[in-house]
Amino acid sequence: MSQHLLTLPILLPMLGALVLLLSSRASDQTHRRMSLIFTALLVLASLLLLRQAAGGELVFYALGNWQAPFGIVLMLDRLSAMMVALTAVLAMGCVIFACAGDDVQGSNFHGIFQLQLMGLNGAFLTGDIFNLFVFFEITLLASYALLMHGGGKERVGAGLHYVILNLAGSALFLIALGVLYGATGTLNMADMGRRVASMSGDQAALVTAGALLLIVVFSLKAALLPLYFWLPRTYASAPAPVAALFAIMTKLGLYAILRVHSLIFVDSAAEPAILGWLWWSGLATILLAAIGVLAARDLRPLVAYLVLISIGTLLAATALGTTDATTALLYYLPHTTLICGALFLIAELIGQQRGKAGTRLVRARRLHQRYLLGGLFLTAAVGVVGLPPMAGSLAKLLLMQATEGGARVWLWPLLLLAGLCTLIAMSRAGSVFFWASYKGEVTAGKVSRLQLTGVAWLLASAPVLVVFAGPISQYTHAAAEQLAQPQTVIQQLLGEAGPNDLVQSAPILHDEAQGGTL
Amino acid sequence: MEALFSLVVGVLTASGIYLLLRGRTFPVIVGLALLGYAVNLFLFSTGGLNTHAAAVVGESLTPTDPLPQALVLTAIVIGFAMTAFVVILAIRARGDLGSDHVDGQQGEEGDAPR
């Protein structure tokens with residue numbers, strides 16, 4: 001059983017999606033119960049995997065028992081276990097929140113939600129780059145449907161942009177894969193890394209081109225500077241539980257960058273170009289997103305820009321490339337994902353009680369439960385700004401400590417400036433929502449218990465991340481060290497075969513004698 | 001053969017990107033479809049271009065690489081489904097936004113009356 005555990009994060013949501021989509025006649029209550037059960041099982045499975053990975057063991061699963069590098073392998077290391085667990089925890093909060101009524105605004109919410117989880121988990125666990133593309137597509141397909149759940153002008157308009165951009169991105173993804181396959185003759189990431197390392201001349205130039213194309217695609221998913229303009233509108237118009245889950249979609253792009261960089265392109269000819277591009281775009285993303293946070297006139301786009309700040313920070317940290325920086329960014333990642341998710345949910349709660357004004361930053365009627373909502377908002381705001389005692393402050397300290405030399409001149413001021421802008425914007429939003437209100441009747445209903453549980457589940461992560469900061473940062477440090485040693489993965493997966501025999505057996509069949517006779 | 005093949009892929013990609021940058025949803029979708037064809041052809045060629053090479057082991061002394069064909073098949077299926085989806089989405093957007101323009105602008109020829 002234990003060796004099949006690795007497939008559970010993909011199989012469970014798939015089964016869940018099938019059951020939920022096929023039983024569309026069952027009552028809403030049944031759907032909710034089933035969705036909650038499947039997500040809870042997923043949390044359980046992901047925690048088991050996390051425990052397995054924490055020991056430092058690399059686990060491989062050859063699908064259909066086709067051995068690598070010919071078949072598709074699933075791969076579990078500390079990083080992927082962490083991402084799967086993070087997805088499951090975030091999804092649990094979103095599902096609980098959605099059960100309060102967001103799920104019945106359209107059809108099949110829970111089934112499509114499970115499909116999206118399957119795509120995310122598959123992308124985190126796969127060790128094959130074409131399989132990564134397939135799981136990316138599953139995630140995207142489900143996200144298109146979820147984004148337009150409930151319909152409405154705003155969502156359809158934003159959805160059209162999102163779909164077209166991502167389709168163009170998928171085309172680029174395939175071109176990059178084609179170039180890489182043509183140059184290396186393999187699709188297994190570990191195998192590809194081994195062949196790229198021993199490459200020179202024309203082939204190396206091709207690999208560099210393919211690598212940079214791949215980084216462009218992942219930057220589009222992660223929403224890095226020239227490619228982020230789709231994000232604020234899309235995230236702002238999505239239904240709250242979906243927007244909260246989308247907080248991990250950008251991290252999927254980040255994960256893919258981390259993975260292909262550490263496993264395939266590290267020390268290759270492409271590396272300086274990749275790191276340079278990530279560093280400057282990451283910094284520029286932080287700056288522009290900080291301006292966006294100040295300029296936003298509605299809480300939802302404001303939170304979307306906060307997601308962008310965190311993405312800029314994470315990618316700039318990736319570009320530093322040191323183990324310490326990776327440790328810091330992996331510690332920052334769960335915190336920022338869960339807090340941003342919680343903020344999207346809180347924005348929905350606030351909007352519900354403000355009548356027509358919604359989440360716009362204007363004077364409106366008084367909130368019905370202003371102490372409860374104010375408390376939640378304050379907790380989340382302190383977390384997202386990165387003030388002590390929340391995990392955000394620890395993560396930023398770790399990151400600033402990991403920055404060395406000339407990089408400090410750029411990263412420190414920008415990081416602190418972004419923190420200040422967030423502080424200003426969140427205080428302004430908070431004062432408008434909770435203090436600048438008309439006196440008079442409050443009519444809107446109360447926050448339901450399920451919604452509160454969902455938000456509390458996500459917010460509870462902040463104290464947990466602080467209290468267990470020691471073990472968690474040790475874990476992320478170990479994960480960063482594991483990432484820095486792709487040799488271990490290659491040796492364990494592919495055995496001891498030298499790189500030279502494999503390059504010769506690459507199935508590239510350029511037959512010059514037969515070419516030219518069309 | 002290589003020159004002709006790359007020319008075809010190049011022209012298809014260029015046309016696809018040109019149409020993708022247009023302002024109305026219909027040319028954009030046609031652009032996406034062309035880009036999809038270009039990508040499929042490109043993927044097909046990544047194993048190397050061969051003539052008289054069977055894909056089945058044992059049928060020919062110089063078998064062609066079977067993997068790109070499997071990749072193309074996957075890409076075609078995904079591309080086909082996505083084109084169908086985006087067509088429906090564009091029709092829905094025209095109905096909801098009252099305009100065929102990707103930014104939802106109104107007042108041009110062919111737009112639905114307000």
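## Overall fold of chain A

In chain A, 82% of the contacts between residues at least 6 apart in sequence join residues at least 24 apart. Keep in mind as you read that this is a predicted model. The secondary structure of chain A comprises 21 helices and four strands. Its radius of gyration is 23 Å, close to the 24 Å from the globule rule for 518 residues, so chain A is as compact as a globular protein of that length.

If you are setting up a view, the C-alpha atoms of chain A fill a box of roughly 85 × 60 × 50 Å along the principal axes. Of the 518 residues in chain A, 58% are buried.

## Helix α14 and its surroundings

Let us look at one helix in detail. Helix α14 of chain A covers residues 370–385, 16 residues in total. From its first C-alpha to its last it reaches 21 Å, close to the 22 Å expected at 1.5 Å a residue. The buried residues of α14(A) are L373(A), L376(A), F377(A), T379(A), A380(A), A381(A), G383(A), V384(A) and V385(A).

What do these buried residues of α14(A) pack against? Their partners in chain A are α12 (299–320), α13 (323–352), α15 (391–402), α16 (406–434), α17 (449–459) and α18 (461–467). Just after the helix, G386(A) takes a positive phi of about 90 degrees. The peptide bond from P388(A) to P389(A) is cis, with omega near 5 degrees.

## Backbone angles worth a look

N108(A) has a positive phi near 60 degrees and is not a glycine. N108(A) is found in the loop between α3 (78–98) and α4 (109–125) of chain A. It is partly exposed, because 17 other C-beta atoms lie within 10 Å.

D267(A) also has a positive phi, of about 65 degrees, although it is not a glycine. This residue lies in the loop between α10 (240–265) and α11 (271–295) of chain A. Is D267(A) buried or exposed? It counts as exposed, because it has 10 C-beta neighbours inside 10 Å, where 12 or fewer is the cut-off.

## Where the chains meet

The contact between the chains takes 36 residues from chain B and 29 residues from chain A. On the side of chain B that touches chain A, α1 (2–20), α2 (25–45) and α3 (67–97) each supply at least two residues. The largest share, 13 residues, comes from α3(B). By type, the residues on this side of chain B divide into 21 nonpolar, 11 polar and four charged.

Helix α3 of chain B also holds T74(B). T74(B) counts as partly exposed because it has 17 C-beta neighbours inside 10 Å. The C-alpha atoms of T74(B) and N40(B) are separated by 9.7 Å, with the two residues 34 apart along the chain.

## Confidence in the prediction

For the complex, the predictor gives an ipTM of 0.91 and a pTM of 0.91. Chain B has a mean pLDDT of 85, and 88% of its residues reach 70 or more.

Technical notes
Residues numbered from 1 in each chain as written. Chains lettered and ligands numbered in written order. Predicted model: local features only at pLDDT ≥ 70, side-chain atom pairs only at ≥ 80, totals over all residues. Expected span 1.5 Å × (residues − 1). Buried ≥ 20, exposed ≤ 12 C-beta atoms within 10 Å, placed from the backbone. Contact = placed C-beta atoms within 7 Å. Nonpolar A, V, L, I, M, F, W, Y, C, P; charged D, E, K, R; others polar. pLDDT = per-residue confidence, 0-100. Rg over C-alpha atoms; globule rule 2.2 N^0.38 Å.
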